[in-house]
Amino acid sequence: TPTITRPEREMLATAVSAANDCFFCMDSHAAFASALLEKSGTTELIPVLDETRAGITAGGSICTLTTH
């Protein structure tokens, strides 16, 4: 059964923490996700984390940061 990777899990936890307005957890999960992505060599997703953290701390909504 396919499952999501640990970095993906931490990215989801970052988004959930942001939606819950828990900045400590958001920063912790984002930092850990960044470290895991760097370790695995998949650094193309790190800007997504940075945008999420910047948008939320500036009072934005997680939904405004996604493109459809």
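Me: What should I keep in mind about the numbering and the model?
Reply: Residues are numbered from 1 along each chain as its sequence is written, and side-chain values use heavy atoms, with hydrogens and water left out. The model is predicted, so local features need pLDDT of at least 70 and side-chain atom pairs count only at pLDDT 80 or more, while totals for chains, interfaces and linings use all residues.

Me: OK, how many salt bridges does a search of the whole structure find?
Reply: The search finds one, taking a salt bridge as a side-chain nitrogen of Lys or Arg within 4 Å of a carboxyl oxygen of Asp or Glu. The side chains of Arg6 and Glu10 form it, at 3.1 Å from N to O.

Me: Where do those two sit in α1?
Reply: Arg6 and Glu10 are four residues apart in helix α1 (residues 6–19), which separates them by about one helical turn; helices here are DSSP runs of H or I, at least four residues, numbered from the N terminus.

Me: And is Glu10 buried or exposed?
Reply: Glu10 is buried, with a relative accessible area of 8%, whereas Arg6 is partly exposed at 41%. Buried means under 20% relative accessible area, exposed over 50%, and partly exposed in between (1.4 Å probe, protein chains only).

Me: Switching topic, which residue follows α1?
Reply: Asp21 does, and its phi is positive, near 60°, although Asp21 is not a glycine. Most residues other than glycine have a negative phi. Asp21 lies in the loop between α1 and α2 (23–40) and counts as exposed, at 55% relative accessibility.
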